[in-house]
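Biologist: Let us read this model together. Show me the structure, and I will ask how to read its features.

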Amino acid sequence: MIAPTSHYLILSAVLFSIGVVGVLVRKNPLVIFMSIEMMLNAANLAFVTYSYSLGKVGGQVLAFFVMTMAAAEVVVGLAIISSIFRIRASIDVDDVSSLKG
Amino acid sequence: MLSYAWLILLFPLLGFLYSALVGRLLSRRSCGIVGSLAVGLSFVVGLAVFFEMLGMPAEARSVELPLWSWIVAGRLSVPFGLLLDPLSVMMVLIVTGVGFLIHVYSIGYMHGDDGYARFFALMNLFVLAMLMLVLAGNFLLLIVGWGGVGFSSYALISFWFKKPENASAGTKAFVTNSIGDVGLLFAVFLIYLTFGRVDYMGVFSEAAGRLPFDGAMATAIVLLLLVGAAAKSAQIPLHVWLPDAMAGPTPVSALIHAATMVTAGVYLIARAHPLYLLAPTAMIVVAAIGALTALFSATIGLVQPNIKRVLAYSTMSQLGYMFLAVGVGAYAAGMFHLMTHAFFKALLFMAAGGVIHALAGEEDLRRMGGLWKAVPGMYVGFLVGALALAGFPLLSGFFSKDEIVYAAFASQRGSAVLGALALVTVLLTGFYIFRAFFLAFHGASRVEPEVAHHMHRPGGAMTLPVAILTGLSIFGGYIQFIGGPGAIDRWLEPVFDRYAHPVPLVAGAETLQEPLMVVSVALGLVGIVGAFLMYVVFPGAAETVGGWYPGLYRLLLNKYYVDELYSLLFVRTGRWVGELLSGPADGFLTEGIVRGAARVVQGGALWLRRLQTGFVRDYALAVLAGATLVVFYLLQVGGIR
């Protein structure tokens, strides 16, 4: 017995919201990255759910795209974080505000 | 041949292009020859047109020659068209004939000048513009020629532009003429408003029907035309530029500022006579301005020390005669005097130029004297020109001036006052021109030794035109008698009787003709004898007389302080307005607006920059808020179902 579609979507929304709050409130960039990953995967879950319930594979294809993109994004992001750490000896995102107007 | 009349314009145009573009690079010497040839060829074509027109019946002697369609806008359609009629053909012959002689003379006079090619380019450009002015078949083309002569006059007055006073003399001429140009423009605007067209034939044939006699519109149009004419012809109160225009080379003074361009005002009034005849009040103004200018500038001419300035004031005075003539409706007399004046005034200028050339640029009469042996050709030329100018019997000026004096008395638009002014001017004319003559050519030499040592006679290119013009100044008056008296009146009759009735004479005026002639000749002779006594028999008498009336002498020497008055009234006021604008107005108004705008932007930016916190979190929140709003909006309009 498979749970109804709405449950999956609610789970997806809950995961996404947790991710949003994580991005907004945490200071550690690594945790922020994890939160972003959570939002992306929440979106993936929604894609797959719809794909299953509508009987079309397009959503599942998109989920793979999202995963690829997420991997690339993490690579770039981690590179930036490590070079910031090399310069400032700190990775607190609130310290990185030199573009302040 | 009539349909080839555009060749008259083509030759000077080619001459101008040659000297301006090619000649100065290839061979500067060729510019003088090509320039003279171009004007000469125009003269030949003009003669051919003249003789063909002579063979036509009088009524048919008015031919419009549209060359191409020029301005087409709505109901207005103006062709680039010429009007060939006795008046324009007469002007063409004067302009190209005298112009040719002066071009030949310039070959000698300008020899060795750095701007030789530029000089001939500008002279040809002037002739082109002047011919366009007189051949134009509508008021718009007239304006093109009018502006063209103004420009070339400016460029030639400032020809030796390295001297600041020459440059400012050119500017003065240009500015004064611009006032006239504005008057002319507004006159043409009013003509277009009234008639809906600008071609001469259409406007003149409808004039009597559309303009009420002596009405406000007719008067306004002709007075505005008069502003233009007075500026070009150096009449009071726009006369100030002409004496200063003598800063240009002497051939320029002869061609532009004596024989041709300055007569454009007279031509314009004669051309627009159907309009003037509808506004008798304005005609009184024309005649009064003419008579006053004639007297006013003759008195200034009495004391000027510079030989070219004496001739300049004489030119103004003679133009005053022409204005007087056209003001009282004696158009043919005015045109006749225009022609003879072109002969003898060009001659006087060329002879004076010969003297100046021989003295290496000396123009001051106080440093001449006894020159008759040194430059005999110029001496004879100047003498004949002076006699013709003074109205000596049987020379050209005698006939034409006599007609004007007679018309001033005898025309119904004339009056005893105008006639009296003309007669007094005759006396002054005889005096001032012979004062210059005796001071330059007779008496003891006051030439500076250094200059006297290098004195040389003018060459053939200068002497030959002087000789020809000497002949014309002697015999030019007899053109009026070819085939019976009044030949020029008969030639011009088809023009002046075509659209309007000429001004009739006062009844019984014929009896005045002979006494007036005697009186005016006598007055001219008195002037000449007076000058002879004062400057030859009793040298030094002039200083004594000047000493009796020092105030009057200074007044005349300073040209009635008109320049000072204008500088006070207009230049000072203009400066004052300029300072007002550049100071307070610019400081508060313009600067205020410009700086205010900058300050608003700056202040807004200072306020807005606070949004840029630099915290990643704030940007993320903004993205979230934006995304949320978009989603809500889409839900609201039903974009998401």
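Biologist: Leaving aside its neighbours within four places in sequence, which residues is Ala408(B) in contact with?

Modeller: This is a predicted model, where local features need pLDDT of at least 70, side-chain atom pairs count only at pLDDT 80 or more, and totals for chains, interfaces and linings use all residues. Residues are numbered from 1 along each chain as its sequence is written, with chains lettered from A and ligands numbered from 1 in the order in which they are written. Two residues are in contact if their C-beta atoms, placed from the backbone, lie within 7 Å. Beyond four places in sequence, Ala408(B) contacts Leu324(B), Val328(B), Gly414(B), Leu418(B), Gly419(B) and Ala422(B). Ala408(B) sits in helix H17 (residues 396–410) of chain B. Helices here are DSSP runs (H or I, at least four residues), numbered from the N terminus.

Biologist: Why does Ala408(B) count as buried?

Modeller: Count C-beta atoms, placed from the backbone, within 10 Å of the residue's own: 20 or more others means buried, 12 or fewer exposed, in between partly exposed. Ala408(B) counts as buried because it has 30 C-beta neighbours inside 10 Å.

Biologist: Which residues touch the most other members of the largest nonpolar core?

Modeller: A nonpolar core is a set of buried Ala, Val, Leu, Ile, Met, Phe, Trp, Tyr and Cys residues joined through C-beta atoms within 7 Å. The largest one has 218 residues, and Leu131(B), Leu324(B), Ala346(B), Val355(B) and Ala422(B) touch the most other members. Helix H15 (residues 331–358) of chain B gives this core its largest share, 20 residues. Take Ala346(B): its contacts beyond four places in sequence are Val98(B), Ile102(B), Ala254(B), Ala258(B), Ala259(B) and Leu469(B).

Biologist: How do I read the packing of H18(B) and H22(B)?

Modeller: Two packed helices are described by the angle between their axes and the distance between the axes. The axes are lines fitted to C-alpha atoms over the stretch in contact, and angles run from 0 to 180 degrees between N-to-C directions. Helix H18 (residues 416–441) of chain B packs on helix H22 (residues 513–537) of chain B at about 30°, with the axes 7 Å apart. Their contact has 17 nonpolar residues, six polar and one charged. Ala, Val, Leu, Ile, Met, Phe, Trp, Tyr, Cys and Pro count as nonpolar, Asp, Glu, Lys and Arg as charged, and the others, Gly among them, as polar.

Biologist: How many residues of chain A are in contact with chain B?

Modeller: 10 residues of chain A contact 12 residues of chain B. The chain A side has five nonpolar, three polar and two charged residues.

Key
Helix = DSSP H or I, 4+ residues; strand = E, 2+ residues; numbered from the N terminus.
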